[in-house]
Amino acid sequence: MATEAGFDPRPPAVRTGRPVPELDPALVERWRSDGGELVDLLALVRERLGGVAAFRLGPSPTVLVTDPGAVRHVLALHPDRYVKRSHRARLLIGDGVLAATGEAWKSQRRLLQSQFTGTGMRRYERRIAEAARVTAERWSACARTGQPLDIGLEMRRFALDTIWRSLTGHPLDDGTERELGAVAAVVAAMPTLPAGTADARDAVAADLARIDAVAHRAIAAARTGGAGPDGPGLLHLLIGASGERPEYTDRLIRDELITLLVAGHETTATTLTWLYLLLDRYPAARDEALAAGAPGSAERRRAVQALVYETLRLYPSAWILPRYAAEADVMTGYAVEAGSDVVVCPYLTHRDPELWPDPDRFDPRRFATPDGRPTHPGAYLPFGIGPRACLGLQFALREATVLLEDLLPAHVPAFRSVPARAAYSITVRPDGPTPATLR
């Protein structure tokens with residue numbers, strides 16, 4: 001590319017790296033004609049070309065990143081070079097912390113950060129335990145009567161109750177639960193929505209209106225009615241911030257409320273549903289976890305957490321993390337031009353056989369022994385890594401562990417049917433109902 005005078009017009013960073021290998025366009029066209037899912041194309045790119053590779057769905061290449069070193073380079077070491085431009089769920093969450101960028105994101109994250117530290121988490125312990133108790137009582141009643149239930153809906157109900165208590169200080173009531181079913185409807189519709197923002201919004205306008213109505217009622221109640229029976233919640237923190245930070249308008253408070261609601265229940269519910277489906281296929285894993293220690297012991301808790309960690313390996317909360325190269329860079333030896341789209345895919349990193357032996361097998365022992373998992377920090381990232389890693393990591397792990405410590409010893413779901421495939425949207429979720437009876 002150098003001219004006769006020896007001048008190379010490319011930025012210095014791009015000059016020093018080798019080109020990113022790119023998938024044959026004919027294979028992309030074959031994928032299109034077969035009607036494959038995006039995850040199928042990404043898996044093909046990784047299989048053919050390795051942990052840093054490119055493919056084209058349009059005129060410009062997209063760089064797929066699954067190599068742990070490159071993952072860490074993008075997300076943890078150089079987040080200023082690889083930035084978020086938008087969020088797939090902006091239609092739903094607006095300018096909440098997940099979708100925010102730049103200085104706005106830094107300000108919003110600072111406000112919420114303290115709520116999810118070890119000290120901050122203590123204020124939610126009782127709310128998590130109460131939501132778990134309500135679920136355990138409902139399951140015991142179903143076990144006595146033989147009444148069937150849907151495991152996915154049960155996990156969603158528990159997670160929604162937990163985050164609603166944490167946001168508002170109130171337990172989830174039946175009316176609010178029905179209205180918030182619109183959140184799941186919008187999330188499920190996202191992969192098929194029209195490309196244009198206005199058309200996409202029109203397609204789910206009724207559900208968005210229901211969600212807005214719930215949010216505005218909760219905000220008004222928090223302003224006028226004080227704390228709920230569980231004490232003040234995260235919503236009260238947001239409302240309090242509006243007195244000192246003019247950017248916290250009712251609209252931004254609404255966006256943060258819905259962001260926390262979606263992030264706080266969608267991923268947890270999906271993880272717990274997958275966990276029960278996996279235990280149905282690998283029942284010995286449940287027995288091993290319960291045999292690890294007495295109820296309430298640290299050994300039992302670690303074994304239950306290993307079940308959750310391994311489920312998150314197979315079905316990470318954030319299965320795909322899009323970024324945008326704001327400047328030219330060399331990533332683990334590869335030249336990335338400014339303006340490139342970059343896709344980090346934890347789902348594929350977690351299923352790399354060079355990192356995880358027998359990667360498709362559910363084996364919680366990977367997380368129960370000191371040397372059972374890769375040591376590279378970019379090899380396991382179900383909630384992302386770096387400054388934009390999920391704020392609610394500890395919250396999600398805690399609520400999942402508390403519920404499982406209650407339910408696992410007492411009940412084994414007997415599934416009447418199981419979904420045949422996964423649906424890849426904001427999360428990777430089972431694509432269908434999960435009816436079961438409890439034995």
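**Pocket lining and aromatic contacts**

Tutor: Start with H3, which gives the largest share of the lining of the second largest pocket, 6 residues. The model is predicted. Helix H3 spans 38-49, and helix H18 spans 346-349; each supplies at least two residues of that lining. In total, 24 residues line the second largest pocket. Nearest its centre lie Arg46, Glu47, Thr66, Asp352 and Pro353. The volume of this pocket is about 410 Å³.

Now the charges over rings. Arg351 places its charged end over the ring of Tyr315, 5.4 Å from the ring centre. Arg18 does likewise with Tyr334: its charged end sits over that ring, 4.0 Å from the centre.

Next, the rings themselves. A pair of aromatic rings is described by two quantities, the distance of the centres and the angle of the planes. The structure holds 12 aromatic pairs. One of them joins Phe116 and Phe395. Their centres are 6.3 Å apart, with 80° between the planes, and the pair is edge-to-face. It links distant parts of the chain, 279 residues apart. Phe116 lies in the loop between helix H6 (102-113) and helix H7 (118-121). Phe395 belongs to helix H19, residues 393-407. Phe116 has a relative accessible area of 10%, so it is buried. Phe395 has a relative accessible area of 4%, so it is buried.

Trp274 and Tyr315 make a stacked pair, because their ring centres lie 3.7 Å apart and their planes meet at 0°. Stacking requires planes under 30 degrees apart. This pair also links distant parts of the chain, 41 residues apart. Trp274 sits in helix H15. Tyr315 sits in the loop between helix H17 (298-314) and strand S5 (321-325). Both Trp274 and Tyr315 are buried. Recall that Tyr315 also has the charged end of Arg351 over its ring. Elsewhere, Tyr309, Trp356, Phe367 and Tyr380 form one aromatic cluster.

Helix H11 covers residues 181-189. Its buried residues are Ala182, Val183, Val186, Val187 and Ala189. They fall within an arc of 165° when seen down the axis of H11, so they line one face of the helix.

Definitions and conventions:
Residues are numbered from 1 along each chain as its sequence is written. This is a predicted model: local features need pLDDT of at least 70, side-chain atom pairs count only at pLDDT 80 or more; totals for chains, interfaces and linings use all residues. Side-chain values use heavy atoms; hydrogens and water are left out. Buried means under 20% relative accessible area, exposed over 50%, partly exposed in between (1.4 Å probe, protein chains only). Helices (H or I, at least four residues) and strands (E, at least two) are DSSP runs, numbered from the N terminus. The arc is that of the directions from the helix axis to the C-beta atoms. Rings of Phe, Tyr and Trp (its six-membered ring) pair if their centres lie within 6.5 Å; planes under 30 degrees apart count as stacked, over 60 as edge-to-face and the rest as tilted. A charge sits over a ring if NZ of Lys or CZ of Arg is within 6 Å of the ring centre and within 35 degrees of the ring normal. On a 1 Å grid over the protein atoms alone, a cavity is a set of points where a 1.4 Å probe fits but cannot get out, and a pocket is an open set with protein on both sides within 12 Å along at least five of seven lines; lining residues have an atom within 4 Å of a point. Grid points are joined across faces, edges and corners, and a volume is the space filled by probe spheres set on the points.
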